[in-house]
Amino acid sequence: QVQLVESGGGFVQAGGSLRLSCAASGSTPNLNAIAWYRQLPGQRRELIATISTGGEITYVDFVKGRFTISRDSAKNTVYLQMNDLEPEDTAVYYCNAGRRLGGSYYGTDYWGQGTQVTVSS
């Protein structure tokens, strides 16, 4: 079993920054990665960044250069530093525990509760 708790969301003006945290507890032997997703109002959750225990990192194109995923293994926490935020980044952000295999990310049903990010223009 894995438990995930997100924090760090809030309200920020366009061009501002936020850092989200995903604190993980528990483990399963087949999971080796954490991903950040976001869900815009009325839309499906979309994958935006992943990081594996081996340090492999991936980003979706529209956040490259603005968002940075990192991890602190000692704290079992994964971060998402978000810079130069835009109103279009307004969403609920979730972390997910999953597995990276063969260059792809395979998510699971282990989700946090989500944290709201609101960016004003």
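In what order do the four strands of the open sheet stand? In this predicted model, the order is β1-β3-β8-β7, and the pairing is antiparallel.

**View 1. The pairing of β7 with β8.** Strand β7 runs antiparallel to β8 (residues 77-82), and six bridges join the pair; among them is the one in which Ser70 has Tyr79 of β8 as its partner.

**View 2. The largest nonpolar core, with its 25 residues.** Trp36, Phe67, Leu80, Met82 and Tyr93 are the residues that touch the most other members of this core. At least two core residues come from each of several strands, including β1, β3 (18-26), β4 (33-39) and β11 (115-120), while β9 gives the most, with four residues. When residues up to four places away in sequence are not counted, Met82 touches Gly16, Ser17, Leu18, Leu20, Arg66, Phe67, Tyr93 and Val117.

**View 3. Two hairpins that share β5.** Strands β4 and β5 pair in the antiparallel sense over seven bridges, with Trp36 opposite Ala49 in β5, and five residues lie between these strands in a hairpin where Gly42 takes a positive phi near 75 degrees. Strand β5 also pairs with β6 (residues 57-59), again in the antiparallel sense, over three bridges, and here Thr50 stands opposite Thr58 in β6. The hairpin of β5 and β6 has four residues between its strands, and Gly55 in the turn has a positive phi of about 90 degrees.

Terms used:
Residues numbered from 1 in each chain as written. Predicted model: local features only at pLDDT ≥ 70, side-chain atom pairs only at ≥ 80, totals over all residues. Heavy atoms only, no water. Pairing = 2+ DSSP bridges. Core = buried A, V, L, I, M, F, W, Y, C linked by side-chain atoms within 4.5 Å. Buried < 20%, exposed > 50% of the residue type's maximum accessible area, 1.4 Å probe, protein only. Contact = heavy atoms within 4.5 Å.
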